[in-house]
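Student: I have a model open beside its sequence, and I would like to learn how to read its features. Could you take me through some of them?

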Amino acid sequence: MSYDLIVIGSGPGGYVGAIRAAQLGMKVAVVEKDKTLGGTCLNVGCIPSKALLSSSEEYEKTSHHLSTHGITVKGVSMDIPKMLKRKDAIVSKMSKGIEFLFRKNKITWLKGHGKFAGRNDVGILVAVDGDESETVVAKNVIVATGSNARHLPGLKVDNKIVCDNEGALAFESVPQKLGVIGAGVIGLELGSVWRRLGAEVTILEALPTFLGACDDAVSKEAFKLFTGQGLHIHFGVKIGEIKTSAKGAKIAYTDSDGKAQTLDCDRLIVSIGRVPNTQNLQLDQVGLAVDERGFIPVDGYCRTSQPGIYAVGDVVRGPMLAHKGEDEGVMVAELIAGQHPHIDYDCIPWVIYTSPEIAWVGRTEQQLVAEGRKYKSGQFPFAANGRALGMDSPDGFVKVLADEETEQILGVHIIGMAASDMIAEAAVAMEFKASAEDIGRICHPHPSLSEAMREASLAIYKRALNM
Ligand code: NAI
């Protein structure tokens with residue numbers, strides 16, 4: 001069978017790229033080996049973790065925070081199997097949604113493991129190893145095979161006692177003591193879920209600093225809030241021997257003062273980053289090779305060195321974020337169709353779904369200092385925002401950084417409730433090269449959290465109205 005485009009992998013980068021290509025009139029197939037479509041993000045990542053975040057937030061709110069509203073609740077309990085069932089139902093609904101979208105767009109799902117098998121006169125050959133193995137050909141191929149959790153050498157992840165993102169989404173009961181290695185995005189998000197449900201959570205982080213990619217003001221605030229909520233976070237640790245049994249894990253580590261310590265826990269989450277899934281693709285069959293970290297080298301348009309072959313999402317440079325992969329998938333589909341798409345990688349928002357959430361787009365203050373760029377900064381706290389107070393969410397702030405001369409917005413950093421939604425305004429503003437004054441002059445609804453964005457922009461000119 002021959003296609004205009006074959007996409008290997010059905011995660012956000014792959015399935016969205018496939019749909020865009022089909023919209024543009026291409027005959028498209030997607031190779032996916034898993035039983036369900038959607039990749040890590042939908043099956044064992046973003047979507048199920050957000051379902052658990054919500055469940056655990058509702059539980060914590062009902063247990064501890066409703067009394068300020070005058071609501072008395074007694075006998076709150078948590079049914080973990082039911083919570084997991086709800087999460088699984090959301091995943092299943094979304095995955096079936098992609099199957100529907102494939103049918104609607106006449107996209108063929110080739111079930112099996114896809115790998116390159118050379119070229120012929122028609123195009124690029126892709127072998128699909130599944131129940132019915134076959135070799136198909138396409139004029140273009142997008143590699144969108146995503147990433148897998150990085151594991152610690154010598155430590156087996158059984159997803160029962162020692163877990164990565166997958167196992168940590170499916171504990172059948174709340175562990176009494178939960179250990180987490182790595183205070184990154186997954187460690188903080190899932191550590192927070194199980195803390196809210198009652199676990200005592202200890203996070204061991206190798207680096208001496210907290211959330212180094214965030215603006216320093218946000219990291220400081222986040223550390224204060226998260227430790228205040230009860231997360232125990234130890235920095236500058238060196239992990240030693242880890243012993244596991246059917247009951248739990250014992251982690252030997254050296255703390256930042258060089259002292260030997262141990263952490264006993266019932267479950268352990270290892271969240272120390274992810275590695276691209278680029279093994280077993282037979283890249284050499286089409287003259288491709290990975291770089292020293294396993295990524296497929298591409299240019300700014302996700303083109304590999306080989307004509308007709310592209311790679312998007314977690315297998316290429318840049319942040320491992322679902323929406324970055326999606327945009328790359330769309331860009332490649334449009335490029336193949338002869339259009340002139342473009343991604344401004346400086347305008348890709350980041351979100352950490354803790355409570356409160358953290359979101360940012362553009363440069364941090366420390367990056368601007370390092371670059372020697374002259375800038376102005378404005379900050380506005382949610383504690384002075386009426387809507388945030390009404391929602392009992394006064395924590396955090398919005399910080400806007402703008403060029404000193406042109407006042408163009410260079411970065412926006414939010415820690416606070418609904419930061420994931422609020423950051424979209426900042427991304428739009430930055431894509432349109434808005435100045436802080438533009439945001440300050442645009443009418444924002446009152447009362448709303450979004451007013452904090454306007455006020456932070458006005459604060460650059462020392463003109464915040466409610467501070
Ligand atoms: P991460 O890169 O966010 O954090 C890993 C942390 O582990 C770092 O702080 C690192 O210093 C630490 N670490 C590494 N080796 C260590 C060791 N041996 N001992 C102790 N600490 C060690 O990685 P994470 O949390 O595993 O997430 C993986 C990827 O998934 C990230 O790239 C992230 O962007 C993506 N993701 C994004 C989400 C979102 O957008 N909200 C949600 C979940 C994941």
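Student: Where does P356 lie?

Tutor: P356 sits in the loop between β18 (350-352) and β19 (357-362). Helices (H or I, at least four residues) and strands (E, at least two) are DSSP runs, numbered from the N terminus. The bond joining S355 to P356 is a cis peptide, with omega about 0 degrees. One caution: this is a predicted model, in which local features need pLDDT of at least 70 and side-chain atom pairs count only at pLDDT 80 or more, while totals for chains, interfaces and linings use all residues. Residues are numbered from 1 along each chain as its sequence is written, and side-chain values use heavy atoms, with hydrogens and water left out.

Student: How many residues of α12 are buried?

Tutor: Start with the cut-offs: buried means under 20% relative accessible area, exposed over 50%, and partly exposed in between (1.4 Å probe, protein chains only). In helix α12 (residues 451-459), eight of the nine residues are buried. They are E451, A452, M453, E455, A456, S457, L458 and A459. These buried residues pack against β20 (375-381), β21 (397-403), β22 (409-416), α10 (419-431) and α11 (436-441), where contact means heavy atoms within 4.5 Å.

Student: Which residue has a positive phi near 60 degrees?

Tutor: That is A418, a residue other than glycine, found in the loop between β22 and α10. With a relative accessible area of 24%, A418 is partly exposed. Q282 also has a positive phi, of about 50 degrees, although it is not a glycine. Q282 lies in the loop between β16 (274-276) and β17 (309-311), and counts as partly exposed because its relative accessibility is 31%.

Student: In what order do the five strands of the open sheet run?

Tutor: Two strands pair if DSSP finds at least two bridges between them. Here the order is β8-β15-β9-β10-β11, with parallel pairing. The edge strands, β8 (162-163) and β11 (232-234), each pair on one side only. Between β8 and β15 (residues 267-270) there are two bridges, and C163 has I269 of β15 as its bridge partner. Helix α5 (residues 185-196) packs on this sheet, touching β9 (177-181), β10 (200-204), β11 and β15.

Student: At what angle do α1 and α7 pack?

Tutor: Axes are lines fitted to C-alpha atoms, for helices over the stretch in contact, and angles run from 0 to 180 degrees between N-to-C directions. Helix α1 (residues 12-23) and helix α7 (residues 322-336) pack at about 30 degrees, with axes 7 Å apart. That makes α1 roughly parallel to α7 (angles under 35 degrees count as roughly parallel, over 145 as roughly antiparallel, 65 to 115 as roughly perpendicular and the rest as oblique). Their contact includes V16 and R20 of α1 and G329 and V330 of α7.

Student: Is the crossing of α1 and α7 left-handed or right-handed?

Tutor: A crossing is left-handed if the near helix is turned anticlockwise from the far one by less than a right angle, and right-handed if clockwise. The α1 and α7 crossing is right-handed, whereas α3 passes α5 in a left-handed one.
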